[in-house]
Amino acid sequence: MGGKQDEDEAYGKPAKYDPSFRGPIKNRGCTDVICCVIFLLFILGYIVVGIVAWVYGDPRQVLYPRNSTGAYCGMGENKDKPYVLYFNVFSCIVASNIITVAQNGLQCPTPQVCVSSCPKDPWAVQSSEFSLTVGEVFYKENRNFCLPGVPWNMTVRQSLQQEFCPSFLLPSTPALGRCFPLSNTNFTLPEFPWISNTTIAQGISGILDSLNARDITVKIFEDFAQSWYWILVALGVALVLSLLFILLLRLVAGPLVLVLILGVLGVLAYGIYHCWEEYRVLRDKGASISQLGFTTNLSAYQSVQETWLAAVIVLAVLEGILLLLLIFLRQRIRIAIALLKEASKAVGQMMSTMFYPLVTFVLLVICIAYWAMTALYLATSGQPQYIYWVSNVSAPGCENVPVNTSCDPLDQSMNYSCPGLMCTFQGYSSTGLVQRSLFNLQIYGVLGLFWTLNWVLALGQCVLAGAFASFYWAFHKPRDIPTFPLSSAFIRTLRYHTGSLAFGALILTIVQIARIILEYIDHKLRGAQNPMARCIMCCFKCCLWCLEKFIKFLNRNAYIMIAIYGKNFCVSAKNAFMLLMRNIVRVVVLDKVTDLLLFFGKLLVVGGVGVLSFFFFSGRIQGLGKDFESPHLNYYWLPIMTSILGAYVIASGFFSVFGMCVDTLFLCFLEDLERNDGSLDRPYYMSKDLLKILGKKNQAPPGDRKRKK
């Protein structure tokens, strides 16, 4: 007795009876005010960062193409010219790799001009046209692809040498606002001494391989356009299946858990049988590890008897441990099943809680969208910088050209006779105050992203905990349940506990950012690390992963205690941890039974929707009539994968609510056991099924008589 009492004292004293306690406390005060002020100031600073980014940033630099003068195509004076044409598109590949080109806004070291439409037919300047004027060769033939301001009477030879006009045109199609040659172009360019030529086939192939085939993108959009309403139907089926699964748990939770446990035992038993058969066959053949020796080829160990004998021993031990747990923990498994049934009833009484994940989803989208737009504006906050560039600095007339020095693309009076000299885009300036602080502002934005995301998730957990706790602590169900439990919990949480949620979210954010930094360091040093350093790095990553999981678990239960008692984060986390440690066996059993059941539910929903989508979109379901025929698709797996992913998201949202309900009712159940004794003055709030399993009874059973005031 003394040892048991000392053990209980080590994890705090059990909760004492409080005659004024009637569930989630309504008369409460603000908690963690300092953290609330810090969080609000941080959000204010986050807004200021967004305003600064909006003032100094210009996302048009990424969204819209630009010509050689730096003007945007499709805007302003080029409003009717939304596409950019590269004079020598192959220089995009010859001069640099495609990743560098993409990072510079798809700018290439070749003149670019805004055009109203891309060329339709192949064309090249002939040698007989060199002496003609630009007006005769280009303007009269409706080839309006020269740089703005090129005079009508300039000779073609001079315009080509100075790269004022293109020497050839290829049939092109617009992609990302740029004119890219068609892949089936079969056209040979004439040779010009001032053009770094390459074969058309090689150039086009490189472009399409680097930027991906546009046809695939078009086909994907066509498939979504043809099947979007059937995808919505599949998502509706997933929603209905998830809801039915949760609501029917009050009827089938016991048999379903039993079937799942027997299924796990059956799988282990079959594994033991299979491994034993493999061991027996190899034993008869005399295949031993002594004959194989040590090898790095792990698959070779499948052909020796010792491998399968070890597998038999491991699986047999697991089978034995699971059977012993079922025998000695059967009472706690029954309690877990009863709590699952009670959670199903709670969800049925408060159906609005099932759709609260939509609120969380909207808030998460707002946080991510704000961060993405702020990061985009910050990344484009500098002014574009241009430098002189020429493909061949040793060409006649190019000896004195100041290559790589700054220039003005709007200044057409370049006093150099160097052929092919251009003023090309280099990057964005980093001389301003905002630009010098760009890295720090981006770090601030990342911290804001993680903190706000974790705060939104914490808000959802605390609100749901408050709603479900009001269900458990209602003495006469459903009469004593508040009229609007979810909205009341939402207002109460925002009004009093914003600081506590921010405190817990900040702790989790610090650990997550530490993991990201560690992953970044590991990625940068991966090639230079020795085995010992890699082992140490792996240990650090594993420790941070475990720490993150523990903090998420602790925060979740702390938010439940905050929702019920209205105390600050540290006190709530301590009380929740002590309460769970005093009932650690029940915690483990309930957690594993719930995980097993929810995993089966997700498997049922996602698998059912996936199978149904496969048979429908692949055309294997016949005789449904013309209105229910499967659409003709280029890639029928695309709507299938979209339906499966959507079904998983929906099932995860519904089951996260159910999991929060189970955890909340479980903590309330443990508090109920410590606070009350079933007497007339201190009756239990738990259901009759739980009372029966525990062998307890109320002198005033819930629903039979009013509790004595």
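**H17.** I started with helix H17, residues 485–496, in this predicted model. Its 12 residues should span 16 Å at 1.5 Å a residue, and the end C-alpha atoms do sit 16 Å apart, so the two agree. (Expected span is 1.5 Å times one less than the number of residues; helices are DSSP runs of H or I with at least four residues, strands are E runs of at least two, both numbered from the N terminus.) Which residues of H17 are buried? I found Pro485, Leu486, Ala489, Arg492, Thr493 and Tyr496. Buried here means under 20% relative accessible area, exposed means over 50%, and partly exposed is in between, with a 1.4 Å probe and protein chains only. Down the axis, the buried residues of H17 fall within an arc of 130°, so they line one face of the helix. The arc is taken from the directions from helix axis to C-beta atoms. On the face turned away from the buried side I noted Ile491 and Arg495, both exposed.

**Ground rules.** I kept in mind that the model is predicted: local features need pLDDT of at least 70, side-chain atom pairs count only at pLDDT 80 or more, and totals for chains, interfaces and linings use all residues. Residues are numbered from 1 along each chain as its sequence is written, and side-chain values use heavy atoms, with hydrogens and water left out.

Next I looked at H20, residues 569–581: 13 residues reaching 18 Å from first C-alpha to last, close to the expected 18 Å. Its buried residues are Phe569, Ser572, Ala573, Ala576, Leu579 and Leu580. They cover an arc of only 135° around the axis, which puts them on the same side of H20. H13 (330–349) has 20 residues and reaches 29 Å, close to the 28 Å expected. Its buried list includes Ile333, Glu342, Ser344 and Val347.

**Largest pocket.** I then went to the largest pocket, with about 1,700 Å³ of space. (On a 1 Å grid over protein atoms alone, a pocket is an open set with protein on both sides within 12 Å along at least five of seven lines; a cavity is a set of points where a 1.4 Å probe fits but cannot get out; lining residues have an atom within 4 Å of a point. Points join across faces, edges and corners, and volume is the space filled by probe spheres set on them.) Of 48 lining residues, Gln461, Arg556, Ser652, Phe655 and Ser656 lie nearest the centre. H22 gives the largest share, 12 residues. I get 28 nonpolar, 13 polar and seven charged residues in this lining. (Nonpolar is Ala, Val, Leu, Ile, Met, Phe, Trp, Tyr, Cys and Pro; charged is Asp, Glu, Lys and Arg; the others, Gly among them, are polar.)

**Cavities.** I count four cavities of 30 Å³ or more. Strands S1 (83–86), S4 (168–169) and S6 (178–181) each supply at least two of its lining residues. That lining splits into 10 nonpolar, one polar and no charged.

**Cores.** Which residues touch the most other members of the largest nonpolar core? Phe658, Phe669 and Met686 do, among 104 residues. Helix H22 (637–675) supplies the largest share of this core, 17 residues. Apart from it lies another core of 22 residues, among them Phe87 and Cys179. (A core is a set of buried Ala, Val, Leu, Ile, Met, Phe, Trp, Tyr and Cys joined through side-chain atoms within 4.5 Å.)

**Val401.** Last, I checked Val401, in the loop between S7 (384–389) and S8 (422–428). Val401 is buried, at 9% relative accessible area.

Methods:
The expected span of a helix is 1.5 Å times one less than its number of residues.
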